[in-house]
Amino acid sequence: MNERPNLPNLLGEFLRARRELVTPEEAGIPVRGVRRVPGLRREEVAMLAGISADYYLRLERGRDRRPSLQVLEALAGVLRLDDDTRAHLFALAADRPRRTARGRERGHRERVPPSTARFIELLPVPAFVEGRHLDVLAANALAAALSPRLVTGGNRLRDVFLDPDEQSLFPDWERAAAALVAGFREAVGPDTDDPRCVELVGELSQASPLFRRLWARHDVRPRGSATVLFRHPQVGDLTLTREKLHITDTDGMMLVAFHPVPGTRDAERLGVLGAASAGC
């Protein structure tokens, strides 16, 4: 038996959440009568994956946390996981070493390398440094001009879910919020019992029903490049490309920058914001 009762059952929570998102019709299972559970039943997942119902129950309840690669591949197929979520499943089952105690202390502060802080001040576009828990650790004046919440000490999750002014910047803010939660889950990985993560998830789960629903889905997306539409109160709509770049020798920090296509109306409008932030 590979039972570790003192550790959170992340693999089991993931499996349960993802099977509830797959309908019987998607899995090719005929529906007869009234079903009392959302998505697939445990025995249906086991049957489709070619494993025993008892073994699958052991996985969900955390009594076996090291399924074989063959079992993981079968479960990923049954649960219709995309590449990113599939990789997350494998990471949860990898039994990799937990993060160091230093990185998990409640009082541990993330420190932006001084060279990175100087660099973002030189950039001619909105830029900031994002921590592993989506804290804003440093930001330039253009970032604050794009959103007054993009300042040192802010937190992207709190702002997007709890601040109506931040929500109004995104024409489809619920979609933006969903992407943010999926990126946060990818960033923290198996370390959801980290004190900072527990604090944020607890606070937002109580304050935001949307966050609570999104967190329960266990969606995962890498924090990467994307096109973002802003509805700015001063200059109107802005379509910018967001870049997220890992900062070397840090614990998951990323440099985030928004830039327009040169010569476009978006570039002109961002220039207006830049002039305003410079006091012209």
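Reader: How many Å apart do the C-alpha centres of domain 1 and domain 2 lie?

Author: In this predicted model, the C-alpha centres of the two domains are 32 Å apart. Domain 1 covers residues 10–94, and domain 2 covers 114–278.

Reader: How many residues of domain 1 are in contact with domain 2?

Author: On the domain 1 side there are 12, and they are in contact with 11 residues of domain 2.

Reader: How is the size of an interface often given?

Author: Often as the accessible area lost when the parts come together. Here, domain 1 and domain 2 bury about 930 Å² between them. Carbon and sulfur atoms account for 57% of that area. Of the area that domain 1 buries against domain 2, 44% is supplied by Leu10, Asp84 and His88, more than by any other three residues.

Reader: How many salt bridges are there between domain 1 and domain 2?

Author: The count is two. A salt bridge also joins the side chains of arginine 18 and aspartate 219, at 2.5 Å from N to O.

Reader: Which elements give two or more residues to the side of domain 1 that touches domain 2?

Author: They are helix H1 (10–19) and helix H6 (83–92).

Reader: And what is that side of domain 1 made of, by class?

Author: Where domain 1 touches domain 2, its side has six nonpolar residues, four charged ones and two polar ones.

Notes. Residues numbered from 1 in each chain as written. Predicted model: local features only at pLDDT ≥ 70, side-chain atom pairs only at ≥ 80, totals over all residues. Heavy atoms only, no water. Domains from an automatic or database assignment. Contact = heavy atoms within 4.5 Å. Buried area = accessible area lost by both parts, 1.4 Å probe. Salt bridge = Lys/Arg side-chain N within 4 Å of Asp/Glu carboxyl O. Helix = DSSP H or I, 4+ residues; strand = E, 2+ residues; numbered from the N terminus. Nonpolar A, V, L, I, M, F, W, Y, C, P; charged D, E, K, R; others polar.
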